[in-house]
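Subject: Structure handover and notes

Hi there,

Here is the structure I promised to pass on. Please have a look at it first, and then read my notes alongside it.

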Amino acid sequence: MNQERWLLPAGIEEVLPPQAKVIERLQRELLDLYAGWGYEYVIPPFIDYLDSLLTGAGQDLDLQTFKLTDQVSGRLLGVRADMTPQVARMDAHHLRRDTPTRLCYLGTVLHTRPDGFGGSRTPLQIGAELYGHAGIGSDTEILRLTLLTLKTAGINESYLDLGHVGIYRGLARQAGLDSVQEHALFDALQRKAVPEIESLIGRFGVSGAPADMLRVLAELNGIDALTRAEHLLRAADTPVREALDYLRELAEELSRWMPEHSIHYDLAELHGYRYKTGVVFAAFVPGWGQEIARGGRYDDIGRVFGRARPAVGFSTDLKGLLRHGPGLAERYRASAPIYAPWCADSALRETVQQLRAAGRCVINALPGLAQDPRQLGCQQMLVARAGRWELTDIDHIDHTEWEA
(Lines give C-alpha, C1' and ligand atoms only; values in the text may rest on other atoms or scores of the structure.)
Protein backbone atom coordinates (compact mmCIF):
# COMPACT_ATOMS: atom_id res chain seq x y z
CA MET A 1 0.00 0.00 0.00
CA ASN A 2 2.82 2.44 0.83
CA GLN A 3 4.16 2.00 -2.69
CA GLU A 4 0.90 3.36 -4.11
CA ARG A 5 0.88 6.67 -2.25
CA TRP A 6 2.21 8.44 -5.33
CA LEU A 7 -0.99 7.60 -7.23
CA LEU A 8 -3.52 10.39 -7.88
CA PRO A 9 -7.33 10.06 -8.08
CA ALA A 10 -8.79 9.58 -11.55
CA GLY A 11 -9.04 12.89 -13.40
CA ILE A 12 -6.73 14.68 -10.94
CA GLU A 13 -3.32 15.66 -12.26
CA GLU A 14 -0.24 17.48 -11.05
CA VAL A 15 1.70 19.84 -13.28
CA LEU A 16 5.46 19.42 -13.29
CA PRO A 17 8.05 22.18 -13.81
CA PRO A 18 8.30 22.33 -17.62
CA GLN A 19 4.53 22.43 -18.14
CA ALA A 20 3.89 24.59 -15.05
CA LYS A 21 6.28 27.21 -16.38
CA VAL A 22 4.50 27.33 -19.74
CA ILE A 23 1.08 27.58 -18.05
CA GLU A 24 2.31 30.42 -15.83
CA ARG A 25 3.61 32.37 -18.81
CA LEU A 26 0.46 31.72 -20.85
CA GLN A 27 -1.90 32.80 -18.07
CA ARG A 28 0.10 36.00 -17.64
CA GLU A 29 -0.12 36.71 -21.37
CA LEU A 30 -3.87 36.01 -21.48
CA LEU A 31 -4.66 38.18 -18.46
CA ASP A 32 -2.65 40.98 -20.09
CA LEU A 33 -4.69 40.45 -23.27
CA TYR A 34 -7.96 40.79 -21.36
CA ALA A 35 -6.69 43.82 -19.45
CA GLY A 36 -5.94 45.48 -22.77
CA TRP A 37 -9.62 45.10 -23.65
CA GLY A 38 -10.76 46.61 -20.34
CA TYR A 39 -11.45 43.38 -18.43
CA GLU A 40 -10.67 43.72 -14.73
CA TYR A 41 -9.24 40.73 -12.89
CA VAL A 42 -11.23 39.23 -9.98
CA ILE A 43 -10.53 36.28 -7.67
CA PRO A 44 -13.66 34.38 -6.54
CA PRO A 45 -13.41 32.14 -3.44
CA PHE A 46 -12.60 28.46 -3.92
CA ILE A 47 -15.36 27.42 -1.48
CA ASP A 48 -18.74 29.10 -1.23
CA TYR A 49 -22.22 28.57 0.15
CA LEU A 50 -23.90 25.89 -1.93
CA ASP A 51 -27.04 27.91 -2.62
CA SER A 52 -24.88 30.68 -4.10
CA LEU A 53 -22.99 28.27 -6.35
CA LEU A 54 -26.14 26.55 -7.57
CA THR A 55 -28.24 29.59 -8.47
CA GLY A 56 -28.75 30.78 -12.02
CA ALA A 57 -25.96 29.34 -14.16
CA GLY A 58 -24.98 27.00 -11.33
CA GLN A 59 -28.15 24.89 -11.51
CA ASP A 60 -26.60 22.73 -14.22
CA LEU A 61 -23.59 22.09 -11.97
CA ASP A 62 -25.32 20.33 -9.08
CA LEU A 63 -23.98 16.87 -9.91
CA GLN A 64 -20.52 18.28 -10.66
CA THR A 65 -20.17 20.07 -7.30
CA PHE A 66 -18.44 18.57 -4.26
CA LYS A 67 -20.49 19.35 -1.14
CA LEU A 68 -19.49 19.58 2.51
CA THR A 69 -20.83 21.00 5.76
CA ASP A 70 -19.41 24.22 7.19
CA GLN A 71 -18.21 23.52 10.74
CA VAL A 72 -18.72 27.20 11.63
CA SER A 73 -22.22 27.95 10.35
CA GLY A 74 -23.63 24.45 9.83
CA ARG A 75 -24.64 25.38 6.28
CA LEU A 76 -23.83 23.40 3.19
CA LEU A 77 -20.76 24.54 1.27
CA GLY A 78 -19.63 23.67 -2.23
CA VAL A 79 -16.26 23.63 -3.94
CA ARG A 80 -16.72 25.73 -7.06
CA ALA A 81 -17.24 23.75 -10.27
CA ASP A 82 -17.50 26.96 -12.31
CA MET A 83 -16.79 30.59 -11.47
CA THR A 84 -19.54 32.19 -13.57
CA PRO A 85 -22.14 32.45 -10.74
CA GLN A 86 -19.57 33.96 -8.38
CA VAL A 87 -18.42 36.57 -10.89
CA ALA A 88 -22.07 37.44 -11.60
CA ARG A 89 -22.56 38.04 -7.88
CA MET A 90 -19.60 40.44 -7.88
CA ASP A 91 -21.17 42.47 -10.68
CA ALA A 92 -24.70 42.45 -9.28
CA HIS A 93 -24.09 42.82 -5.56
CA HIS A 94 -20.67 44.34 -4.95
CA LEU A 95 -19.81 46.51 -7.96
CA ARG A 96 -23.35 47.64 -8.89
CA ARG A 97 -22.22 49.82 -11.80
CA ASP A 98 -24.55 51.49 -14.24
CA THR A 99 -22.09 51.17 -17.12
CA PRO A 100 -21.03 47.92 -18.83
CA THR A 101 -18.62 45.95 -16.66
CA ARG A 102 -15.92 43.65 -17.99
CA LEU A 103 -14.46 41.07 -15.61
CA CYS A 104 -11.99 38.22 -16.09
CA TYR A 105 -10.89 35.43 -13.78
CA LEU A 106 -8.49 32.53 -13.41
CA GLY A 107 -8.38 29.62 -11.00
CA THR A 108 -8.79 25.90 -10.43
CA VAL A 109 -12.31 24.49 -10.35
CA LEU A 110 -13.18 21.03 -9.07
CA HIS A 111 -15.58 18.55 -10.68
CA THR A 112 -16.98 15.35 -9.23
CA ARG A 113 -16.59 13.75 -12.67
CA PRO A 114 -14.48 14.52 -15.75
CA ASP A 115 -16.15 17.07 -18.03
CA GLY A 116 -15.72 18.02 -21.68
CA PHE A 117 -12.43 19.88 -21.16
CA GLY A 118 -10.09 16.97 -21.82
CA GLY A 119 -11.29 14.65 -19.05
CA SER A 120 -9.81 16.61 -16.16
CA ARG A 121 -11.63 17.04 -12.86
CA THR A 122 -9.46 20.04 -11.97
CA PRO A 123 -9.55 22.39 -14.96
CA LEU A 124 -7.55 25.59 -14.60
CA GLN A 125 -10.41 27.80 -15.73
CA ILE A 126 -9.82 31.16 -17.34
CA GLY A 127 -12.58 33.31 -18.76
CA ALA A 128 -14.15 36.70 -19.29
CA GLU A 129 -17.65 38.10 -18.73
CA LEU A 130 -19.28 41.28 -20.05
CA TYR A 131 -22.23 42.66 -18.06
CA GLY A 132 -24.64 45.47 -18.83
CA HIS A 133 -25.06 45.20 -22.61
CA ALA A 134 -27.40 43.04 -24.70
CA GLY A 135 -26.90 42.71 -28.41
CA ILE A 136 -24.65 41.98 -31.35
CA GLY A 137 -21.82 44.20 -30.08
CA SER A 138 -21.14 42.44 -26.79
CA ASP A 139 -21.71 38.97 -28.30
CA THR A 140 -19.19 39.79 -31.03
CA GLU A 141 -16.64 41.11 -28.54
CA ILE A 142 -16.76 37.93 -26.47
CA LEU A 143 -16.49 35.74 -29.57
CA ARG A 144 -13.49 37.75 -30.77
CA LEU A 145 -11.85 37.44 -27.37
CA THR A 146 -12.47 33.68 -27.39
CA LEU A 147 -10.73 33.28 -30.74
CA LEU A 148 -7.87 35.57 -29.70
CA THR A 149 -7.42 33.43 -26.58
CA LEU A 150 -6.92 30.36 -28.76
CA LYS A 151 -4.58 32.26 -31.07
CA THR A 152 -2.51 33.50 -28.13
CA ALA A 153 -2.16 29.88 -27.03
CA GLY A 154 -0.74 29.01 -30.46
CA ILE A 155 -3.94 27.42 -31.76
CA ASN A 156 -4.25 28.86 -35.25
CA GLU A 157 -6.71 26.32 -36.64
CA SER A 158 -10.05 26.49 -34.86
CA TYR A 159 -13.70 26.99 -35.67
CA LEU A 160 -16.80 28.13 -33.84
CA ASP A 161 -20.08 26.30 -33.48
CA LEU A 162 -22.88 28.84 -32.99
CA GLY A 163 -26.34 28.08 -31.69
CA HIS A 164 -29.24 29.89 -30.06
CA VAL A 165 -31.41 28.57 -27.22
CA GLY A 166 -34.38 30.50 -28.63
CA ILE A 167 -34.66 28.04 -31.52
CA TYR A 168 -35.35 24.89 -29.50
CA ARG A 169 -37.20 26.81 -26.79
CA GLY A 170 -39.51 28.32 -29.42
CA LEU A 171 -40.11 24.97 -31.15
CA ALA A 172 -40.88 23.29 -27.82
CA ARG A 173 -43.49 25.92 -27.01
CA GLN A 174 -44.97 25.71 -30.50
CA ALA A 175 -45.30 21.94 -30.00
CA GLY A 176 -47.06 22.46 -26.65
CA LEU A 177 -44.46 20.57 -24.58
CA ASP A 178 -44.54 20.94 -20.83
CA SER A 179 -41.29 21.47 -18.88
CA VAL A 180 -40.72 17.75 -18.22
CA GLN A 181 -41.25 16.85 -21.87
CA GLU A 182 -39.10 19.76 -23.02
CA HIS A 183 -36.14 18.66 -20.93
CA ALA A 184 -36.50 14.98 -21.88
CA LEU A 185 -36.41 15.85 -25.58
CA PHE A 186 -33.58 18.30 -24.97
CA ASP A 187 -31.47 15.54 -23.42
CA ALA A 188 -32.02 13.30 -26.45
CA LEU A 189 -31.11 16.17 -28.80
CA GLN A 190 -27.79 16.72 -27.00
CA ARG A 191 -26.90 13.07 -27.66
CA LYS A 192 -28.15 13.27 -31.26
CA ALA A 193 -30.17 10.13 -30.44
CA VAL A 194 -32.45 10.21 -33.49
CA PRO A 195 -34.49 7.03 -32.71
CA GLU A 196 -35.11 8.29 -29.18
CA ILE A 197 -36.11 11.72 -30.51
CA GLU A 198 -38.63 10.06 -32.84
CA SER A 199 -40.00 7.97 -29.98
CA LEU A 200 -40.40 10.94 -27.63
CA ILE A 201 -42.13 13.07 -30.26
CA GLY A 202 -44.65 10.30 -30.83
CA ARG A 203 -45.13 9.64 -27.14
CA PHE A 204 -45.76 13.34 -26.44
CA GLY A 205 -48.44 13.44 -29.15
CA VAL A 206 -46.67 16.06 -31.28
CA SER A 207 -47.67 15.98 -34.94
CA GLY A 208 -47.66 18.07 -38.10
CA ALA A 209 -45.13 20.86 -38.70
CA PRO A 210 -43.93 21.11 -35.06
CA ALA A 211 -43.06 17.39 -35.07
CA ASP A 212 -41.23 17.68 -38.40
CA MET A 213 -39.19 20.64 -37.22
CA LEU A 214 -38.19 18.97 -33.95
CA ARG A 215 -37.11 15.87 -35.88
CA VAL A 216 -34.71 17.74 -38.17
CA LEU A 217 -33.18 19.90 -35.44
CA ALA A 218 -30.51 17.29 -34.64
CA GLU A 219 -29.37 17.40 -38.29
CA LEU A 220 -29.04 21.18 -38.50
CA ASN A 221 -25.31 21.49 -38.02
CA GLY A 222 -22.40 22.51 -40.21
CA ILE A 223 -21.45 25.53 -42.28
CA ASP A 224 -24.71 25.52 -44.24
CA ALA A 225 -27.03 24.81 -41.30
CA LEU A 226 -28.66 28.26 -41.34
CA THR A 227 -29.41 28.01 -45.05
CA ARG A 228 -31.06 24.62 -44.56
CA ALA A 229 -32.91 25.90 -41.49
CA GLU A 230 -34.58 28.61 -43.57
CA HIS A 231 -36.36 25.90 -45.52
CA LEU A 232 -36.81 23.18 -42.88
CA LEU A 233 -38.03 25.59 -40.16
CA ARG A 234 -40.12 27.83 -42.39
CA ALA A 235 -43.28 26.98 -40.41
CA ALA A 236 -41.74 28.07 -37.10
CA ASP A 237 -43.23 30.82 -34.99
CA THR A 238 -41.71 34.30 -34.83
CA PRO A 239 -39.31 33.70 -31.87
CA VAL A 240 -37.58 30.91 -33.80
CA ARG A 241 -37.23 32.98 -36.96
CA GLU A 242 -35.91 35.92 -34.94
CA ALA A 243 -33.27 33.67 -33.36
CA LEU A 244 -32.18 32.45 -36.80
CA ASP A 245 -31.96 36.03 -38.07
CA TYR A 246 -29.89 37.01 -35.03
CA LEU A 247 -27.42 34.17 -35.62
CA ARG A 248 -27.00 35.22 -39.23
CA GLU A 249 -26.42 38.85 -38.26
CA LEU A 250 -23.94 37.85 -35.56
CA ALA A 251 -21.96 35.64 -37.95
CA GLU A 252 -21.80 38.44 -40.52
CA GLU A 253 -20.56 40.91 -37.90
CA LEU A 254 -17.91 38.50 -36.63
CA SER A 255 -16.75 37.84 -40.20
CA ARG A 256 -16.16 41.56 -40.65
CA TRP A 257 -13.81 41.57 -37.65
CA MET A 258 -12.16 38.16 -38.12
CA PRO A 259 -12.72 36.98 -41.71
CA GLU A 260 -10.04 34.30 -41.42
CA HIS A 261 -12.11 32.20 -38.99
CA SER A 262 -14.70 29.72 -40.20
CA ILE A 263 -18.10 29.65 -38.53
CA HIS A 264 -20.20 26.53 -38.18
CA TYR A 265 -23.64 26.10 -36.66
CA ASP A 266 -25.22 23.47 -34.45
CA LEU A 267 -28.81 24.35 -33.69
CA ALA A 268 -29.25 21.40 -31.32
CA GLU A 269 -26.07 21.92 -29.26
CA LEU A 270 -27.34 23.93 -26.30
CA HIS A 271 -24.88 23.65 -23.42
CA GLY A 272 -26.32 25.42 -20.39
CA TYR A 273 -29.82 25.47 -21.89
CA ARG A 274 -31.54 25.87 -18.52
CA TYR A 275 -30.01 29.28 -17.88
CA LYS A 276 -28.77 30.56 -21.27
CA THR A 277 -31.00 33.16 -22.89
CA GLY A 278 -29.59 33.67 -26.38
CA VAL A 279 -26.48 32.77 -28.33
CA VAL A 280 -24.46 29.74 -27.23
CA PHE A 281 -21.16 28.74 -28.75
CA ALA A 282 -18.26 26.34 -28.53
CA ALA A 283 -14.79 26.44 -30.08
CA PHE A 284 -13.19 23.32 -31.53
CA VAL A 285 -9.83 22.32 -32.97
CA PRO A 286 -9.47 19.80 -35.83
CA GLY A 287 -9.06 16.22 -34.68
CA TRP A 288 -10.45 16.80 -31.18
CA GLY A 289 -14.06 15.86 -30.58
CA GLN A 290 -14.57 17.97 -27.44
CA GLU A 291 -14.87 21.72 -27.24
CA ILE A 292 -11.79 23.62 -26.13
CA ALA A 293 -13.73 26.74 -25.10
CA ARG A 294 -17.41 27.53 -24.63
CA GLY A 295 -19.73 30.34 -23.67
CA GLY A 296 -22.87 32.24 -24.45
CA ARG A 297 -25.43 34.76 -23.29
CA TYR A 298 -27.20 34.47 -19.94
CA ASP A 299 -29.11 37.69 -19.35
CA ASP A 300 -30.52 38.38 -15.88
CA ILE A 301 -28.06 35.99 -14.22
CA GLY A 302 -27.60 38.52 -11.41
CA ARG A 303 -31.32 38.63 -10.49
CA VAL A 304 -30.86 36.15 -7.62
CA PHE A 305 -28.12 38.40 -6.25
CA GLY A 306 -30.33 41.47 -6.27
CA ARG A 307 -29.74 43.02 -9.70
CA ALA A 308 -30.62 41.69 -13.13
CA ARG A 309 -28.13 42.56 -15.87
CA PRO A 310 -27.51 41.31 -19.41
CA ALA A 311 -24.43 39.10 -19.51
CA VAL A 312 -22.31 37.18 -22.01
CA GLY A 313 -19.02 35.37 -21.48
CA PHE A 314 -16.76 32.42 -22.20
CA SER A 315 -14.31 30.13 -20.42
CA THR A 316 -11.62 27.62 -21.26
CA ASP A 317 -9.11 25.36 -19.52
CA LEU A 318 -5.49 26.52 -19.53
CA LYS A 319 -4.24 22.94 -19.33
CA GLY A 320 -6.34 22.10 -22.36
CA LEU A 321 -4.85 25.03 -24.25
CA LEU A 322 -1.39 23.75 -23.39
CA ARG A 323 -2.33 20.33 -24.78
CA HIS A 324 -3.41 21.76 -28.13
CA GLY A 325 -1.10 24.76 -28.46
CA PRO A 326 1.93 23.61 -30.46
CA GLY A 327 5.13 25.52 -29.92
CA LEU A 328 4.19 27.05 -26.54
CA ALA A 329 7.14 25.43 -24.76
CA GLU A 330 9.56 26.79 -27.36
CA ARG A 331 7.96 30.23 -27.31
CA TYR A 332 8.35 30.56 -23.56
CA ARG A 333 11.76 28.93 -23.41
CA ALA A 334 14.08 31.01 -21.23
CA SER A 335 17.84 31.28 -21.59
CA ALA A 336 19.81 28.63 -19.74
CA PRO A 337 20.55 29.32 -16.08
CA ILE A 338 23.94 30.60 -14.97
CA TYR A 339 26.00 28.86 -12.30
CA ALA A 340 27.59 30.97 -9.57
CA PRO A 341 30.03 29.72 -6.92
CA TRP A 342 29.22 29.89 -3.21
CA CYS A 343 31.10 33.07 -2.39
CA ALA A 344 30.20 36.17 -0.39
CA ASP A 345 32.42 38.43 -2.47
CA SER A 346 30.63 41.78 -2.88
CA ALA A 347 31.54 42.06 -6.57
CA LEU A 348 30.04 38.60 -7.22
CA ARG A 349 26.87 39.50 -5.33
CA GLU A 350 26.49 42.68 -7.38
CA THR A 351 27.05 40.81 -10.65
CA VAL A 352 24.46 38.17 -9.71
CA GLN A 353 21.97 40.88 -8.73
CA GLN A 354 22.43 42.63 -12.08
CA LEU A 355 21.91 39.39 -14.01
CA ARG A 356 18.74 38.53 -12.10
CA ALA A 357 17.41 42.07 -12.56
CA ALA A 358 17.90 41.60 -16.30
CA GLY A 359 15.74 38.48 -16.19
CA ARG A 360 18.45 35.82 -16.10
CA CYS A 361 18.32 32.84 -13.78
CA VAL A 362 21.40 32.45 -11.57
CA ILE A 363 21.81 29.31 -9.45
CA ASN A 364 24.21 29.42 -6.52
CA ALA A 365 26.38 26.42 -5.76
CA LEU A 366 25.72 24.89 -2.35
CA PRO A 367 28.73 24.39 -0.04
CA GLY A 368 29.97 20.86 0.43
CA LEU A 369 28.09 19.53 -2.61
CA ALA A 370 30.10 18.55 -5.66
CA GLN A 371 27.79 18.85 -8.66
CA ASP A 372 28.21 19.22 -12.39
CA PRO A 373 26.42 22.52 -13.27
CA ARG A 374 25.32 20.96 -16.53
CA GLN A 375 23.01 18.69 -14.51
CA LEU A 376 21.15 21.86 -13.54
CA GLY A 377 20.85 22.95 -17.16
CA CYS A 378 23.59 25.56 -16.82
CA GLN A 379 25.68 26.40 -19.86
CA GLN A 380 27.66 29.29 -18.36
CA MET A 381 29.31 30.03 -15.04
CA LEU A 382 30.61 33.12 -13.29
CA VAL A 383 34.35 32.80 -12.93
CA ALA A 384 36.82 35.21 -11.27
CA ARG A 385 39.33 36.37 -13.86
CA ALA A 386 41.82 39.18 -13.27
CA GLY A 387 39.78 40.55 -10.38
CA ARG A 388 36.48 40.49 -12.28
CA TRP A 389 33.61 38.02 -12.42
CA GLU A 390 33.07 36.94 -16.01
CA LEU A 391 30.51 34.74 -17.74
CA THR A 392 32.30 31.75 -19.22
CA ASP A 393 31.04 28.70 -21.09
CA ILE A 394 31.12 25.73 -18.75
CA ASP A 395 32.68 23.51 -21.41
CA HIS A 396 35.71 25.84 -21.29
CA ILE A 397 36.14 25.62 -17.52
CA ASP A 398 38.17 23.09 -15.59
CA HIS A 399 35.82 21.12 -13.34
CA THR A 400 37.91 22.04 -10.29
CA GLU A 401 36.59 25.62 -10.68
CA TRP A 402 33.01 24.36 -10.21
CA GLU A 403 33.69 23.98 -6.52
CA ALA A 404 35.81 27.12 -6.18
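This is a predicted model: local features need pLDDT of at least 70, side-chain atom pairs count only at pLDDT 80 or more; totals for chains, interfaces and linings use all residues.

**The main core**

The largest nonpolar core holds 80 residues, and the ones that touch the most other members are Tyr34, Leu162, Ile167, Tyr168 and Leu233. Helix H10 (residues 238–257) gives the most to this core, contributing eight residues. Apart from it lies another core, made of 15 residues, including Val42, Met83, Tyr105 and Tyr298. As a reminder of the background, nonpolar side chains tend to be buried together in soluble globular proteins.

**Helix H10**

With 20 residues at 1.5 Å a residue, H10 should span 28 Å, and its end C-alpha atoms are 29 Å apart, which agrees. Its buried residues are Val240, Ala243, Leu244, Tyr246, Leu247, Leu250, Ala251 and Leu254. They sit on the same side of H10, because they cover an arc of only 160° around the axis. Glu242 and Arg256, on the other side of H10, are exposed. The cover over the buried residues of H10 includes helices H4 (136–152), H5 and H9 (225–232), together with strands S7, S9 (262–266) and S10.

H6 runs over residues 179–190; its 12 residues reach 16 Å from first C-alpha to last, close to the 16 Å expected at 1.5 Å a residue. Glu182, Leu185, Phe186, Ala188 and Leu189 are the buried residues of H6. Their arc around the axis is only 165°, which puts them on the same side of H6. Among the elements covering them are helix H5 (165–174), helix H7 (194–203) and helix H8 (208–216).

Both ends of H6 have a local feature. At its start, a side-chain oxygen of Asp178 comes to within 3.2 Å of the backbone nitrogen of Val180. Just after H6, Lys192 takes a positive phi of about 55°.

Which residues does Tyr168 contact, leaving aside its neighbours within four places in sequence? The partners are Leu177, Glu182, Leu185, Phe186, Leu189, Leu214, Leu217, Leu270 and Tyr273.

**Aromatic pairs**

There are three aromatic pairs in the structure, and I will describe two of them here. In one of them, the ring centres of Tyr159 and Phe284 are 5.6 Å apart and the planes are at 20°, so the pair is stacked. Tyr159 lies in strand S7 (residues 159–164) and Phe284 in strand S10 (residues 279–284), so this pair ties together parts that are 125 residues apart in sequence. Tyr159 counts as partly exposed at 24% relative accessibility, while Phe284 is buried with a relative accessible area of 11%.

Tyr168 and Phe186 form a tilted aromatic pair, 6.3 Å centre to centre with 40° between the planes. Since Tyr168 lies in helix H5 and Phe186 in helix H6, the pair ties together parts that are 18 residues apart in sequence. Both residues, Tyr168 and Phe186, are buried.

**Arg297**

Is Arg297 buried or exposed? Arg297 is buried, with a relative accessible area of 5%, and lies in strand S11 (residues 293–297). A polar atom of its side chain lies 3.2 Å from the backbone oxygen of His133. Not counting residues up to four places away in sequence, Arg297 touches His133, Ala134, Gly135, Ser138, Asp139, Lys276, Thr277, Gly278, Val279, Pro310, Ala311 and Val312.

Ser335 is in the loop between helix H12 (328–331) and strand S13 (338–340). At 41% relative accessibility, Ser335 counts as partly exposed. Its side chain makes a polar contact with the side chain of Arg360 (2.9 Å). Ser335 and Leu247 are 88 residues apart in sequence and 47 Å apart in space, C-alpha to C-alpha.

In H13 (residues 346–357), the buried residues are Leu348, Thr351, Val352 and Leu355. They cover an arc of only 100° around the axis, which puts them on the same side of H13. Exposed Gln353 and Ala357 are carried on the face turned away from that buried side. What covers the buried residues of H13 includes strands S13, S14 (362–364), S15 (380–385) and S16 (388–393). At the start of H13, a side-chain oxygen of Asp345 reaches to within 3.1 Å of the backbone nitrogen of Ala347, and just after H13, Gly359 takes a positive phi of about 95°.

Best wishes

Notes
Residues are numbered from 1 along each chain as its sequence is written. Side-chain values use heavy atoms; hydrogens and water are left out. Helices (H or I, at least four residues) and strands (E, at least two) are DSSP runs, numbered from the N terminus. The expected span of a helix is 1.5 Å times one less than its number of residues. Buried means under 20% relative accessible area, exposed over 50%, partly exposed in between (1.4 Å probe, protein chains only). The arc is that of the directions from the helix axis to the C-beta atoms. Contact means heavy atoms within 4.5 Å. A polar contact is a pair of N or O atoms within 3.5 Å; within protein, one must be able to donate a hydrogen and the other to accept it, and residues adjacent in sequence count only if both atoms are side-chain atoms. A nonpolar core is a set of buried Ala, Val, Leu, Ile, Met, Phe, Trp, Tyr and Cys residues joined through side-chain atoms within 4.5 Å. Rings of Phe, Tyr and Trp (its six-membered ring) pair if their centres lie within 6.5 Å; planes under 30 degrees apart count as stacked, over 60 as edge-to-face and the rest as tilted.
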